[in-house]
Amino acid sequence: MRFKVFRSGMALIALSILFVSPATLKAQTTSLVKGKVQNSTGSPLAGVSVVIRNTKDNFTTGTSTDSIGMFTFSNIAPGGPYSFSFSSIGYDGQTFSGYTIQPGITLSLAVKMVESANASLDQVVVVGYGTKRKRDLTGSVSSVSGGELQKVPSSNFTAAMQGKVPGVFISQTSGAPGGASSVRIRGVGTTGNNQPLYVVDGVLMGGDGMSVPGSSYNIDPLSIINPNDIESVDVLKDAASAAIYGSRGANGVILVTTKRGKEGGGTVTLNASTGFAQLWQKPAFLNAEEFATMANELYVNSGLTPNPQWANPKSLGEGSNMIDEVFHDAPFQNYDFSVSGGTKSLKARLSLGYNDQMGTMIETWYKRYTGRATIDLKVGSRLNFGGSLAFASTESKGQNSDAMQGGIFNLAQQFFPTLNRDSNYFGDGLYYTKDGDNPILRANTIDNKLNNSRIYGNVFGELEIISGLKFRSSLGIDGNFTRTSSWQGKLQRGFYIVPRATLSENYDNRFNWLLDNTLSYSKKFGGHSLSAVIGQTSQKFRYNWISATGNDYLSEELQVINASDVSLRNTSGSNSNSTLASYFGRIDYSLNGMYLLSASLRRDGSSNFGPNNKWGYFPAVSAGWRISEESFMAPLRHIISDFKFRGSWGRVGNDNIPAFGYLSTIRSGTAVDNYTLGPGNQTIAIGSTIVRPGNPDLKWETTEQIDIGADVSFFEDKLYLTADYYKKTTVGMLISLPVSLEAGFQNSPTVNGGRVENKGWEFLLGYRTSINGFRFNLSGNIATLSNKVTSLGVGQPIVGPTLPGSSMTMTYTKEGEPIGYFRGYVVDGVYQVDADINKKLQPNAIAGDFIYHDVNSDGVLTDADKVKIGKPWPDFTYGLNADFSYKGFDLNVMFQGVSGSQIYRANKVTNYQMKYFNGNGIINGVKDILNHWTPGSGVNDQPGLKYTDANGNYSNASSFFVEDGDFLRLRNLVIGYNIPFDVLRRVTGNAFKSVRVYVNAQNLVTFTSYKGFDPEIGSTNPMNSGIDTGIYPQPRTYSGGISLNF
Amino acid sequence: MKLVTRYIPVLLVIFIASCGKKYLDLQPTDVLTNANFFKTESDAQSALIGVYAQLQPEATFGNLIDAANMDWTMSGDLYEQDQNTPRVQLEMLSLPADNTYTTQLYAGLYQGISRANVVIDRVGEMENLAAQAKASIIAQAKYLRGIYYYKLVNYFGGVSLVTTELNASSKLDVPRATAAEVWKQIETDLNDAAAVLPVTWPGTADLGRATKGAALAFLVKAYLWQQKWDAALTASEQIVALKAYDLLPDFRSVFLKANEHNKEIVFATQYSSVNNGSEGGALDTRSGPRGAPAQYIGRGANSNFVPQTAWINAFERDLTGRIKDKRYWGVIIGPGEAHQEMTGFVMPLTFPNSYTKTGYIVTKYWQEASLVGSGINAPILRYAEVLLNYAEALNEMNRSSDAMKQVNLLRKRAGLEDLSLALAKDKVLDAIFYERRMEFVWEPAGAFSDLNHRGRFMDFIKANRVDYDKIQVDTKPWLKQQPILIPIPQGAWDVNKSLVQNPGYPPFK
């Protein structure tokens, strides 16, 4: 076998045919065509589909490249003209035509494939129950290739998608290793659950986070998918695209396609990376001397005796700094290994992965093992089978880090710098809060662990009944098994007493199966192209759990329930089921590839809804006009290479509500229902109460969305632009009815009340080219968002949750404003002298207290004076992405930013007040409070220090707590080097197909004016978003890795 | 093609099998619903227990928010030693509408009313239920609804009257009724209950349930509030005539866990430490000295409220200066004094400030080191109070010497000399209020509420609170009202705009 090695040469058009050489074989009646396919860095590409076609007699045959990128066609009839088409997922397809083949001659081809960018029109996009070429799309669908995701080393792919897709706002809810992302597609449509639907290889996955017991953060549910197993992610943003998922599509749909085996000899890939994470910003806290000075002033101001232990601040010096003790540089490592390959009829891929991360906060870590197997089998010419099976095991240790009360992060902020790292909180209750604890000791004596196993996959069969008509049946399963344990030993540590050791263990078991049957048809005749799919799907969910608690351990060495006092064990458990059944259909039509039309309808039934509303219909229509194909555009084709207008309308639902909301449910036997009667050591009488009144008319929320967009590319697709405008209206928003206290309900009934409008613009603009081997691809995206509640339907505005430990409510939802905006008094400064105080307005104020603005000028401070003081939702989000490569080097730079949002820095309640909420004693504060108000200081932005806060400076929500939430973050920076193939060959023989080494930094630079630890405050609850209660901060990470292909 | 013909039927079978008609008609497997509950007597009994259960929260009948935070701290005899802001708001009588504790009290009481309404309506409609059981269940529920409303009207004045079960489609923003309307409802409920409830429950397993005496005792309190002296007198005499109650000779033993359901307890909120304290209370940790050794305080202690020196000084003393009143020695310890049961615990002479600011600690509920929720019951109404209420009614009916006989019963038990039976009417009332003050520390009697219903509260604090000047009464128009009412909570108005604020407070808007 002989072929010419590719030499780089003419490179203005990166995809080019390079070599055609006559071979010196004996004259034959047929000819041989062979060749080699490489990627842009010269590594061989396996599994590339190669089709040869004689345009004259319509002869067509195809093959794929083998593991070293080679393909061969023997017995090709001489003549022509022949054309050769090369295609592979993730690469731009290319066709070379006009070849005439001489008899008995071997034609050798060397082809370089270029990785496709988003804008590539031939890219295949996964849509619900099918695929489409990007050029034929009529809805708003954004895709991210696995290759792009894999540039951002992360344990979950949602984190790697940050900033890549306009209109998809992803923020991390916690910097804990494995911590969950909050994903919002085109705004927030409901006060309830806003997480999109995830569909992994056709299996609809629940998005419930895994919660580490005792911690206030969740492990991302999608972290069960190893990002290195992902081929592509497609986001269905508009309702027309999502409507095929009916009652579950309202928050958008994220379709994940995993890698599968390709035809060709075996490919073995090994990736390894390691690095470490650290805090990028640590606000400064008072040192011992400053703390004692502030404390003394606080007591004197309040007419109390200062603590004699702090009488001489100078002697206390710097003291301890618990933030430095509680956070450390945290190493992580990641390995994965895959094998893939196949023949024409059988293809398979197997992979295993291991991810191990320490948290930047002490005593937190995350480990994950993943495994995935896919197989595709072709039986005869009309029948295909395939399937996948994946497994993930997650272990994590967590801390109650985020909670303002008792979380170790907050304890570290509050810790007395006058004490050393091994000290307890103890002493006079006037000085030492009873609610504090030493965070290090607490972290070391609490052991909270999560152990989750997830197994999911599907098997499908597909039969081509007649040409173009296919029947496909798929059965998927998803088993999710979580065991958590929470251990706390017996101790008395200052005021903190745990009278006996406790171990709680919980086991929960979620399982669902999903059956899909679809019949699809596609046909081309003349300029018409028609495809249609109809189908049926049903899914059943089962959930049960059991938990056990053991108390009082003879030996704390044995941390198992069996070692506890047998008379002090508690158990509980329960189960539930739900079912869904659906029918759906879609029809796509195009005329001359120019006029595109698509329509779909889904009918969904759910056991969660009552007889009045069991079933719902979800229709959608969309259309596209590829104006660039019109003849009048022909003169412009050298400028505008493609131009498509599209528009869509659709209706989708959100069924994310507790099951059986239509019934009044009765709770029995819990501590709040039971009572105790009788003499002596009384027994428990089992009580029952109506826990939530039913609402027989309850149904899913409905979201209607229109989307108008255009995809334009210029100069042979070098410059590309996608623009969309959408308006999304949620009607019948499920709200927990704000019930008058007089009704006395235990839980509010859920009603279909509100109406929310989200609208915005999305733009993606990119430019890519290559000059003398220097390739680059620059793209930027920006999305605007305007969120407004247009009706609440239920009369009263919804007051958001109370800040734990206080009576402060920070968010408010009412007509005409965004969901969950910040509401409170406007601080007009600080009363400088007692004489200035308006006693009618603020009867309890003294000099040094906030002046609250009397908005309606009626002389009294009432609810009406609380106004909008911020909102957690950005006005726009943006991302900038730059890829450069030259020879073997590549560089990726990715910025992500948000603008127009605010953060409610609830931590100021403790950090600035130096008080543990309203409790006794004091705590440490941030260095900023050195600039607090004192008589004559003229300070207007911070109140004076006081023991008792009669004016409510720290219990009234106010503009004092609101800070600018804008940030721009260098999310990702990667520099990689691919060792050239010929060097590899020379050094290692044929052992390696490619070797890549890289270094990476994430969150290297953050531009923000936010003074807390981190401006990225994700939250899964829209009524409680953007509130910083001491959220586990996002770390900065540095890593390096190697990727080997055998 | 063979393959094709073989697989199509298989796939079609799967297709059809998944579309069964019953497939979507699931019923909950983990909770009961209105469809399958209220069928049997045990359902009805269990729902009634749910109404009792709402007595246990600290916000309702747990003797914390009402008895300690409001009654005893507002009158100033207990001291909130942490100076926690919402408690200081009550202590200093600033009474903002968004006070956490008054909001919890209001919400908790209405939850109890809602539970009672469900039982009264649903059990009333049950057909397969013996008449006697039905009557008994409804009578208990009415008693409970009556006392939940008693507490509301006592603090907030006329409140919204809800007497039927509500659901998601009901009118939920019920406007306020007048105090007279609420009192009328309370009288109706308690009279209905008193007519049916037994004097004592025949089975010991039922100890702790509402009785005829308890219903009458609350009726007396309702009559006293409305100055229906005659009715109060009649009902008091009915209670005495039941001969079911008596004063215990030893004051402390009234409260001891080992002596629950004693003859002095007319009604108490029941707690138990079984089942890991899931039905236990926290009064022990609220009263025990913070930071004391774990062997005495178990799972912890907070010294949330400690007696003020002014109150200690109000106890009668002998010539040596030693307190004579056995009630002090029964439930208080001061510097150098040992705990009544845990004698190893002696209050230090120079006490750590974390234990108590004044040197004194209430041991009424701190009786042992409990590792879980405490089983100590919270006394709601004692025979001692019945006697003093009786005395008040007698005095108002111009039978002052009979009134003093009741007062002297309590004094005798306290080891004090009898007072003259010939005291003038106003002095008798003073004597009744003195006994109330010394008798009921940290119980829902004897402080703000009692003083308030007779219009004595402002005079009392002026005479007894050392921090009276700090309160700045003149800046607080709500204190000039009679009776003084707690503001309707801001949180209630947030969702029910038909509510109107009590006089003297900034109106809602």
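**Residues and chains of a predicted model**

Me: Which residues does Q413(A) touch, not counting those up to four places away in sequence?

Reply: In this predicted model, Q413(A) touches F285(A), I323(A), N907(A), N911(A), N924(A) and F1013(A). To count as a contact, heavy atoms must lie within 4.5 Å. Q413(A) itself belongs to helix α6 of chain A, which covers residues 408–414.

Me: What makes the pairing of Q413(A) with N907(A) a polar contact?

Reply: The side chains of Q413(A) and N907(A) are joined at 3.3 Å. The limit for a pair of N or O atoms is 3.5 Å, so this pair qualifies. The side chain of N911(A) also makes a polar contact with the side chain of Q413(A), at 3.1 Å.

Me: Why is Q413(A) called buried?

Reply: The relative accessibility of Q413(A) is 2%. Buried means under 20%, and therefore the residue receives that label.

Me: How do you know that T702(A) is buried?

Reply: T702(A) has a relative accessible area of 11%. That value is under 20%, so T702(A) counts as buried. The residue is part of strand β38 of chain A, residues 701–714. Aside from neighbours within four places in sequence, T702(A) is in contact with R651(A), V652(A), G653(A), T729(A), T730(A) and V731(A).

Me: How do you know that the radius of gyration of chain A agrees with that of a compact globule?

Reply: For 1046 residues, a compact globule would have a radius of gyration near 31 Å, and chain A has 32 Å, so the two agree. The C-alpha atoms of this chain fill a box of roughly 110 × 65 × 65 Å along the principal axes. Chain A holds nine helices and 56 strands, and buried residues make up 60% of its 1046 residues.

Me: What makes chain B as compact as a globular protein of its length?

Reply: Chain B has 21 helices and seven strands. Its radius of gyration is 26 Å, close to the 23 Å that the globule rule gives for 509 residues, so chain B is as compact as a globular protein of that length. Its C-alpha atoms fill a box of roughly 115 × 55 × 50 Å along the principal axes. Of the 509 residues in chain B, 63% are buried.

Me: Why is helix α3 of chain B described as mostly covered?

Reply: Ten of the ten residues in helix α3 (residues 65–74) are buried. Each of these residues is therefore under 20% relative accessible area. Among them are I65(B), W72(B) and M74(B). Just after α3(B), G76(B) takes a positive phi of about 95°.

Me: Why is N276(B) called buried?

Reply: N276(B) is at 18% relative accessibility, and because the cut-off is under 20%, it counts as buried. N276(B) lies in helix α10 (residues 274–277) of chain B. Its phi is positive, at about 60°, although N276(B) is not a glycine.

Me: What makes S420(B) partly exposed?

Reply: S420(B) has a relative accessibility of 39%, which lies between 20% and 50%, so it counts as partly exposed. S420(B) is found in the loop between α16 (400–413) and α17 (425–439) of chain B. Its side chain reaches the backbone nitrogen of A422(B) at 2.9 Å. The C-alpha atoms of S420(B) and K509(B) are separated by 54 Å, and the two residues are 89 apart along the chain.

Me: Is the peptide bond from Q482(B) to P483(B) cis or trans, and what is its omega?

Reply: The peptide bond from Q482(B) to P483(B) is cis, with omega near -10°. Most peptide bonds are trans. P483(B) lies in the loop between α20 (468–471) and α21 (490–495) of chain B.

Note on methods: Residues numbered from 1 in each chain as written. Chains lettered and ligands numbered in written order. Predicted model: local features only at pLDDT ≥ 70, side-chain atom pairs only at ≥ 80, totals over all residues. Heavy atoms only, no water. Helix = DSSP H or I, 4+ residues; strand = E, 2+ residues; numbered from the N terminus. Rg over C-alpha atoms; globule rule 2.2 N^0.38 Å. Buried < 20%, exposed > 50% of the residue type's maximum accessible area, 1.4 Å probe, protein only. Polar contact = N/O pair within 3.5 Å; in protein donor to acceptor, adjacent residues only side chain to side chain.
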